[in-house]
Amino acid sequence: RELLERHSPDRRWRRALDLGCGTGLAGAEMRELVGEHLAGVDVSAKMLARCAAERAGVYDDLERGELIVTLARRALAGERYDLLVAADALCYVHGGAAGEVGAARDGEADDDDLGALADALRAARACAASDCSFALSLEQLEVRREHEAAAVRASAAAAAAAAAARD
C-alpha cells in the first residue's frame with residue numbers, strides 16, 4: 001500500500017488482481033484502494049484456505065492457479081485490471097513446464113527462470129487495462145546452507161592463499 005500511495009497518492013483503482021496472494025496480506029492493505037473488484041490468485045490451496053478464513057471479505061474472488069496460466073486464461077476471457085500486484089510472488093516463477101511455480105530449487109536464477117519471469121510479465125501485460133499500475137516486489141531468496149558454507153570455505157581459502165603469497 002505504501003508503494004501505491006507514494007507513486008499514485010490520489011488514485012483509486014477499479015479492478016485489481018493480487019498475483020500470489022497467499023494469506024491475503026497485500027489484499028487487506030489495498031482493499032480500500034480498490035472500488036469494484038479485488039481478485040486473488042495463488043498456487044497453494046493451503047494459503048488460499050488461510051486467506052479465506054483469516055481475511056474473509058477482503059477479496060471478491062479467490063482462485064487457485066498457476067500464475068502464468070491464470071493470467072493467460074483471464075486475458076482470453078477479456079478480463080482487464082487497472083492494478084496488478086505481485087508482492088514477493090514472481091521469484092517463485094520458474095522455467096520448465098510452462099512457467100511452473102514452486103519453491104525455489106536452489107535460490108539461484110538460471111536462464112529458464114529469467115525466461116519464465118519474462119513470460120509472467122507478458123501474461124500480466126495481457127490482463128492490464130490501458131491505465132494499469134503494476135506494483136511488484138521481489139525477495140532475495142536465501143542460498144541453501146551447503147552453498148553458503150562452501151562460499152565461506154572458498155573465501156577463507158582465498159584469504160589464506162593471499163596471505164601466504166604476501167609472506
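These legends describe close-up views of one predicted model. Residues are numbered from 1 along each chain as its sequence is written, and side-chain values use heavy atoms, without hydrogens or water. Local features need pLDDT of at least 70, side-chain atom pairs count only at pLDDT 80 or more, and totals for chains, interfaces and linings use all residues.

**View 1. The largest nonpolar core.** This core has 20 residues. A nonpolar core is a set of buried Ala, Val, Leu, Ile, Met, Phe, Trp, Tyr and Cys residues joined through side-chain atoms within 4.5 Å. Buried means under 20% relative accessible area (1.4 Å probe, protein chains only). Leu 17, Leu 19, Leu 67, Leu 71 and Val 93 have the most contacts inside the core. At least two of its residues come from each of β1 (13–19), β2 (34–42), α4 (67–76), β4 (81–87) and α5 (111–126). Helices (H or I, at least four residues) and strands (E, at least two) are DSSP runs, numbered from the N terminus.

**View 2. A separate core.** Another core, of 15 residues, lies apart from the largest one. Cys 21, Leu 33, Leu 38 and Leu 83 are among its members.

**View 3. Helix α4 and its ends.** Leu 67, Ile 68, Thr 70, Leu 71, Arg 74 and Ala 75 are buried in α4. They sit on the same side of α4 because they cover an arc of only 165° around the axis, taken from the directions from the helix axis to the C-beta atoms. At the helix start, a side-chain oxygen of Glu 66 comes to within 3.1 Å of the backbone nitrogen of Ile 68. Gly 78 follows α4, with a positive phi near 85°.

**View 4. Cys 91 in its loop.** Cys 91 lies in the loop between β4 and α5. Cys 91 is buried, at 15% relative accessible area. Its C-alpha atom is 9.1 Å from that of Ser 137, 46 residues apart along the chain.

Methods. Buried means under 20% relative accessible area, exposed over 50%, partly exposed in between (1.4 Å probe, protein chains only). A polar contact is a pair of N or O atoms within 3.5 Å; within protein, one must be able to donate a hydrogen and the other to accept it, and residues adjacent in sequence count only if both atoms are side-chain atoms.
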